[in-house]
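Subject: Handing over a structure, with notes on pockets, a cavity and selected residues

Dear colleague,

I am passing the structure below to you, and my notes on it follow. Please read them with the model open beside you.

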Amino acid sequence: MTNDVAERTLSAPDALRPWIDGIEIGVAVAVDGESDGGASREPFTRVPDTSTKVVVRVDENGHRDTLVVGPSTRATYHTSKRLASCVQVRLGPGTARPLLGVPAVELVGRVVRLGDLPGASARQLADELRWLDGEDAVGRLMEVLPGRLAGDDDGAGRSRREVLRAAVEALSTDSGHVPSQVRELARLLAVSERQLRNLFAEGVGVSPKHFARIGRVRHVLAHAGSTGWAELAASTGYYDQSHMTADFRTLMGVPPRSFFTGRLPVAQPCQSLSRV
(Lines give C-alpha, C1' and ligand atoms only; values in the text may rest on other atoms or scores of the structure.)
Protein backbone atom coordinates (compact mmCIF):
# COMPACT_ATOMS: atom_id res chain seq x y z
CA MET A 1 0.00 0.00 0.00
CA THR A 2 1.13 3.59 -0.65
CA ASN A 3 -0.21 6.94 0.38
CA ASP A 4 -2.11 9.32 -1.89
CA VAL A 5 -3.74 12.65 -1.06
CA ALA A 6 -7.52 13.00 -1.24
CA GLU A 7 -8.46 16.63 -1.68
CA ARG A 8 -11.55 18.71 -1.09
CA THR A 9 -12.06 22.21 -2.40
CA LEU A 10 -14.20 24.50 -0.26
CA SER A 11 -15.80 27.81 -1.09
CA ALA A 12 -14.68 30.61 1.18
CA PRO A 13 -17.09 30.94 4.11
CA ASP A 14 -19.15 34.13 4.10
CA ALA A 15 -17.21 35.42 7.11
CA LEU A 16 -13.95 35.29 5.11
CA ARG A 17 -15.17 37.07 2.01
CA PRO A 18 -13.91 39.14 0.26
CA TRP A 19 -10.44 38.30 1.57
CA ILE A 20 -10.31 34.56 0.79
CA ASP A 21 -11.00 33.06 -2.65
CA GLY A 22 -10.98 29.37 -1.75
CA ILE A 23 -9.64 26.62 0.47
CA GLU A 24 -8.23 23.20 -0.39
CA ILE A 25 -7.87 20.47 2.24
CA GLY A 26 -5.81 17.35 1.54
CA VAL A 27 -5.43 14.24 3.70
CA ALA A 28 -3.30 11.17 3.01
CA VAL A 29 -5.23 7.98 2.20
CA ALA A 30 -4.10 4.43 1.43
CA VAL A 31 -4.22 3.20 -2.16
CA ASP A 32 -3.23 -0.08 -3.80
CA GLY A 33 0.32 -0.35 -5.09
CA GLU A 34 3.83 -1.38 -4.18
CA SER A 35 5.29 0.04 -1.01
CA ASP A 36 7.77 2.84 -1.63
CA GLY A 37 8.61 3.68 1.96
CA GLY A 38 6.07 6.52 2.00
CA ALA A 39 7.63 8.43 -0.89
CA SER A 40 6.31 8.35 -4.42
CA ARG A 41 8.29 9.42 -7.45
CA GLU A 42 5.44 10.35 -9.78
CA PRO A 43 6.19 13.37 -12.01
CA PHE A 44 3.79 16.30 -12.12
CA THR A 45 3.46 19.84 -13.41
CA ARG A 46 2.97 22.87 -11.17
CA VAL A 47 1.18 25.30 -13.48
CA PRO A 48 1.42 29.11 -13.34
CA ASP A 49 -0.82 30.54 -10.62
CA THR A 50 -1.65 34.17 -9.77
CA SER A 51 -2.80 33.40 -6.21
CA THR A 52 -0.87 33.99 -3.00
CA LYS A 53 -1.55 31.10 -0.62
CA VAL A 54 -1.20 30.45 3.11
CA VAL A 55 -0.41 26.77 3.63
CA VAL A 56 -0.43 24.58 6.73
CA ARG A 57 1.11 21.21 5.89
CA VAL A 58 2.37 18.06 7.60
CA ASP A 59 4.88 15.85 5.80
CA GLU A 60 5.11 12.05 5.98
CA ASN A 61 7.50 12.33 8.97
CA GLY A 62 5.14 14.51 10.98
CA HIS A 63 7.09 17.74 10.41
CA ARG A 64 4.83 20.81 10.32
CA ASP A 65 5.21 23.99 8.30
CA THR A 66 3.12 27.11 7.97
CA LEU A 67 4.09 28.73 4.69
CA VAL A 68 3.25 31.52 2.30
CA VAL A 69 3.47 30.50 -1.37
CA GLY A 70 3.62 33.47 -3.72
CA PRO A 71 2.32 33.69 -7.29
CA SER A 72 4.19 31.60 -9.87
CA THR A 73 4.64 33.03 -13.36
CA ARG A 74 6.02 29.94 -15.15
CA ALA A 75 5.29 26.22 -15.02
CA THR A 76 7.71 23.99 -13.14
CA TYR A 77 8.13 20.22 -13.34
CA HIS A 78 8.78 18.00 -10.34
CA THR A 79 8.86 14.52 -8.92
CA SER A 80 6.42 14.27 -6.05
CA LYS A 81 6.87 13.39 -2.42
CA ARG A 82 3.88 12.49 -0.31
CA LEU A 83 2.38 14.74 2.34
CA ALA A 84 0.33 13.53 5.28
CA SER A 85 -2.01 16.52 5.09
CA CYS A 86 -2.25 20.12 4.06
CA VAL A 87 -4.59 23.09 4.13
CA GLN A 88 -4.14 25.67 1.39
CA VAL A 89 -5.91 29.03 1.67
CA ARG A 90 -6.04 31.17 -1.48
CA LEU A 91 -5.93 34.84 -0.58
CA GLY A 92 -8.16 37.18 -2.53
CA PRO A 93 -6.81 40.14 -4.49
CA GLY A 94 -5.61 42.87 -2.15
CA THR A 95 -5.31 40.63 0.94
CA ALA A 96 -1.54 40.08 1.04
CA ARG A 97 -0.41 43.37 2.58
CA PRO A 98 -3.10 43.77 5.27
CA LEU A 99 -2.76 40.13 6.36
CA LEU A 100 0.92 39.39 5.76
CA GLY A 101 2.50 42.83 5.97
CA VAL A 102 4.06 42.72 2.49
CA PRO A 103 2.73 43.52 -1.00
CA ALA A 104 2.04 40.52 -3.22
CA VAL A 105 4.78 41.55 -5.68
CA GLU A 106 7.41 40.77 -3.01
CA LEU A 107 6.18 37.16 -2.84
CA VAL A 108 6.24 36.28 -6.55
CA GLY A 109 8.15 33.04 -7.12
CA ARG A 110 8.89 32.65 -3.40
CA VAL A 111 8.00 30.24 -0.63
CA VAL A 112 8.58 31.66 2.85
CA ARG A 113 7.66 30.62 6.34
CA LEU A 114 4.68 32.62 7.52
CA GLY A 115 6.41 33.43 10.80
CA ASP A 116 9.45 34.86 8.99
CA LEU A 117 7.46 37.68 7.40
CA PRO A 118 8.01 41.06 9.05
CA GLY A 119 4.47 41.85 10.15
CA ALA A 120 3.29 41.06 13.68
CA SER A 121 0.00 39.81 12.23
CA ALA A 122 1.82 37.22 10.09
CA ARG A 123 3.83 35.93 13.05
CA GLN A 124 0.75 35.71 15.25
CA LEU A 125 -1.18 33.89 12.56
CA ALA A 126 1.68 31.40 12.12
CA ASP A 127 1.60 30.59 15.84
CA GLU A 128 -2.17 30.14 15.79
CA LEU A 129 -2.30 27.88 12.73
CA ARG A 130 0.80 25.76 13.14
CA TRP A 131 -0.74 23.03 15.28
CA LEU A 132 -4.15 22.93 13.63
CA ASP A 133 -5.23 20.48 10.95
CA GLY A 134 -7.90 20.58 8.26
CA GLU A 135 -11.14 22.24 9.16
CA ASP A 136 -9.78 23.32 12.56
CA ALA A 137 -7.44 25.69 10.72
CA VAL A 138 -10.33 26.94 8.60
CA GLY A 139 -12.39 27.52 11.73
CA ARG A 140 -9.58 29.52 13.32
CA LEU A 141 -9.29 31.70 10.23
CA MET A 142 -13.01 32.41 10.40
CA GLU A 143 -12.54 33.58 13.97
CA VAL A 144 -9.57 35.89 13.55
CA LEU A 145 -9.39 37.22 9.99
CA PRO A 146 -12.41 39.55 9.88
CA GLY A 147 -11.19 41.51 12.89
CA ARG A 148 -7.60 41.70 11.71
CA LEU A 149 -8.52 42.85 8.24
CA ALA A 150 -11.17 45.32 9.32
CA GLY A 151 -8.57 48.09 9.41
CA ASP A 152 -8.18 47.77 5.64
CA ASP A 153 -11.92 48.06 5.15
CA ASP A 154 -12.10 51.84 5.44
CA GLY A 155 -13.36 53.88 2.50
CA ALA A 156 -10.05 54.12 0.64
CA GLY A 157 -9.09 50.50 1.24
CA ARG A 158 -12.49 49.23 0.19
CA SER A 159 -12.43 51.37 -2.95
CA ARG A 160 -9.00 50.06 -4.02
CA ARG A 161 -10.08 46.48 -3.39
CA GLU A 162 -13.31 46.93 -5.35
CA VAL A 163 -11.45 48.36 -8.35
CA LEU A 164 -8.90 45.56 -8.17
CA ARG A 165 -11.55 42.84 -7.94
CA ALA A 166 -13.49 44.35 -10.86
CA ALA A 167 -10.28 44.36 -12.91
CA VAL A 168 -9.48 40.76 -11.94
CA GLU A 169 -12.95 39.62 -13.02
CA ALA A 170 -12.71 41.50 -16.32
CA LEU A 171 -9.30 39.98 -17.10
CA SER A 172 -10.31 36.45 -16.11
CA THR A 173 -11.42 33.66 -18.44
CA ASP A 174 -13.28 31.88 -15.62
CA SER A 175 -16.58 33.61 -16.27
CA GLY A 176 -16.65 32.40 -19.87
CA HIS A 177 -15.87 35.68 -21.63
CA VAL A 178 -12.84 36.90 -23.54
CA PRO A 179 -10.56 38.89 -21.19
CA SER A 180 -10.69 42.67 -21.54
CA GLN A 181 -7.86 44.69 -23.05
CA VAL A 182 -5.86 46.44 -20.32
CA ARG A 183 -6.08 49.92 -21.86
CA GLU A 184 -9.85 49.68 -22.34
CA LEU A 185 -10.28 48.23 -18.85
CA ALA A 186 -8.40 51.13 -17.25
CA ARG A 187 -10.66 53.56 -19.08
CA LEU A 188 -13.81 51.74 -17.94
CA LEU A 189 -12.62 51.71 -14.33
CA ALA A 190 -11.67 55.42 -14.50
CA VAL A 191 -8.04 54.83 -13.54
CA SER A 192 -4.82 55.26 -15.48
CA GLU A 193 -2.94 52.23 -16.79
CA ARG A 194 -0.17 53.09 -14.34
CA GLN A 195 -2.62 53.08 -11.42
CA LEU A 196 -3.98 49.75 -12.58
CA ARG A 197 -0.48 48.26 -12.77
CA ASN A 198 0.27 49.54 -9.26
CA LEU A 199 -2.95 48.02 -7.91
CA PHE A 200 -2.02 44.66 -9.42
CA ALA A 201 1.56 44.79 -8.12
CA GLU A 202 0.35 45.53 -4.61
CA GLY A 203 -2.66 43.24 -4.51
CA VAL A 204 -1.93 40.38 -6.94
CA GLY A 205 1.83 40.45 -7.58
CA VAL A 206 1.88 40.39 -11.39
CA SER A 207 0.95 42.98 -14.00
CA PRO A 208 -2.57 43.04 -15.49
CA LYS A 209 -1.17 41.76 -18.79
CA HIS A 210 0.64 38.84 -17.18
CA PHE A 211 -2.39 38.05 -15.03
CA ALA A 212 -4.47 37.72 -18.20
CA ARG A 213 -1.78 35.59 -19.90
CA ILE A 214 -1.71 33.15 -16.99
CA GLY A 215 -5.49 32.96 -16.97
CA ARG A 216 -5.61 32.19 -20.69
CA VAL A 217 -3.01 29.43 -20.43
CA ARG A 218 -4.84 27.88 -17.48
CA HIS A 219 -8.02 28.01 -19.58
CA VAL A 220 -6.24 26.14 -22.37
CA LEU A 221 -5.06 23.54 -19.86
CA ALA A 222 -8.60 23.07 -18.58
CA HIS A 223 -10.34 22.81 -21.98
CA ALA A 224 -7.82 21.24 -24.37
CA GLY A 225 -9.15 17.96 -25.72
CA SER A 226 -12.79 19.02 -25.59
CA THR A 227 -12.38 22.00 -27.95
CA GLY A 228 -10.42 22.37 -31.20
CA TRP A 229 -7.22 24.41 -31.06
CA ALA A 230 -8.44 27.24 -33.32
CA GLU A 231 -11.76 27.50 -31.48
CA LEU A 232 -10.00 27.40 -28.13
CA ALA A 233 -7.65 30.20 -29.19
CA ALA A 234 -10.55 32.41 -30.28
CA SER A 235 -12.65 31.77 -27.17
CA THR A 236 -9.67 32.52 -24.90
CA GLY A 237 -8.89 35.89 -26.47
CA TYR A 238 -5.89 35.07 -28.65
CA TYR A 239 -5.49 36.67 -32.06
CA ASP A 240 -5.03 33.24 -33.60
CA GLN A 241 -3.80 29.73 -32.86
CA SER A 242 -0.13 30.60 -33.43
CA HIS A 243 -0.30 33.31 -30.78
CA MET A 244 -1.87 30.83 -28.35
CA THR A 245 0.89 28.32 -29.07
CA ALA A 246 3.62 30.93 -28.53
CA ASP A 247 2.12 32.13 -25.23
CA PHE A 248 1.63 28.57 -24.00
CA ARG A 249 5.24 27.72 -24.83
CA THR A 250 6.51 30.79 -22.97
CA LEU A 251 4.63 30.00 -19.76
CA MET A 252 4.67 26.18 -19.86
CA GLY A 253 8.07 25.58 -21.48
CA VAL A 254 6.66 23.44 -24.32
CA PRO A 255 3.96 23.98 -26.99
CA PRO A 256 0.43 22.69 -26.29
CA ARG A 257 0.61 19.58 -28.48
CA SER A 258 3.88 18.46 -26.89
CA PHE A 259 2.56 19.06 -23.38
CA PHE A 260 -0.62 17.06 -23.90
CA THR A 261 1.13 14.32 -25.86
CA GLY A 262 3.52 13.86 -22.95
CA ARG A 263 0.52 13.55 -20.62
CA LEU A 264 2.43 14.79 -17.60
CA PRO A 265 -0.31 15.29 -14.99
CA VAL A 266 -1.13 18.67 -13.55
CA ALA A 267 -0.81 18.51 -9.79
CA GLN A 268 -3.76 18.93 -7.50
CA PRO A 269 -3.31 21.92 -5.17
CA CYS A 270 -2.03 20.09 -2.09
CA GLN A 271 -0.02 17.58 -4.12
CA SER A 272 1.82 20.41 -5.84
CA LEU A 273 3.13 21.58 -2.47
CA SER A 274 4.98 18.34 -1.82
CA ARG A 275 8.18 19.76 -3.36
CA VAL A 276 7.93 23.20 -1.76
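Which element gives the most to the lining of the second largest pocket? That is α7, with four residues. Before the details, please note that this is a predicted model, in which local features need pLDDT of at least 70 and side-chain atom pairs count only at pLDDT 80 or more, while totals for chains, interfaces and linings use all residues. Residues are numbered from 1 along each chain as its sequence is written, and side-chain values use heavy atoms, with hydrogens and water left out.

**Overall picture**

The protein has ten helices and eight strands, these being DSSP runs numbered from the N terminus (H or I over at least four residues for helices, E over at least two for strands). Buried residues make up 47% of its 276 residues, where buried means under 20% relative accessible area, exposed over 50%, and partly exposed in between, with a 1.4 Å probe and protein chains only. Among contacts (heavy atoms within 4.5 Å) with a separation of 6 or more, 69% join residues 24 or more positions apart.

**The second largest pocket**

This pocket holds about 260 Å³ of space. Fifteen residues is the extent of the lining, given as 15, and the closest to the pocket centre are Q181, K209, A212, R216 and G237. The elements that give two or more residues to this lining are α7 (208-223) and α9 (241-252). By class, the lining residues divide into seven nonpolar, four polar and four charged; here Ala, Val, Leu, Ile, Met, Phe, Trp, Tyr, Cys and Pro count as nonpolar, Asp, Glu, Lys and Arg as charged, and the others, Gly among them, as polar. The search runs on a 1 Å grid over the protein atoms alone: a cavity is a set of points where a 1.4 Å probe fits but cannot get out, a pocket is an open set with protein on both sides within 12 Å along at least five of seven lines, and lining residues have an atom within 4 Å of a point. Grid points are joined across faces, edges and corners, and a volume is the space filled by probe spheres set on the points.

**T173 and G215**

T173 lies in the loop between α4 (155-171) and α5 (182-188), and it counts as buried because its relative accessibility is 4%. Leaving aside neighbours within four places in sequence, T173 is in contact with P179, G215, R216, H219 and T236. A polar atom of the T173 side chain lies 3.3 Å from the backbone oxygen of G215. G215 itself belongs to helix α7 and, at 18% relative accessibility, also counts as buried. The C-alpha atoms of G215 and P179, which are 36 residues apart along the chain, are separated by 8.9 Å.

**The cavity**

How many cavities of 30 Å³ or more does the rule give? The count comes to one, and the largest cavity holds about 30 Å³ of space. V54, V56, V87, V89, L129, A137 and L141 line the largest cavity, and the elements that give two or more residues to this lining are β4 (53-59), β7 (83-91) and α3 (134-149). The lining residues comprise seven nonpolar, no polar and no charged.

**Other residues to look at**

T66, in strand β5 (residues 64-69), is buried, with a relative accessible area of 8%. Beyond its neighbours within four places in sequence, T66 is in contact with residues including V56 and L129.

E202 sits in helix α6 (residues 193-203) and is partly exposed, with a relative accessible area of 31%. Its C-alpha atom and that of V102, 100 residues apart along the chain, are separated by 8.5 Å.

A190 lies in the loop between α5 and α6 and is exposed, with a relative accessible area of 68%. The phi of A190 is near 60°, a positive value in a residue other than glycine.

With best regards

Methods. Polar contact = N/O pair within 3.5 Å; in protein donor to acceptor, adjacent residues only side chain to side chain.
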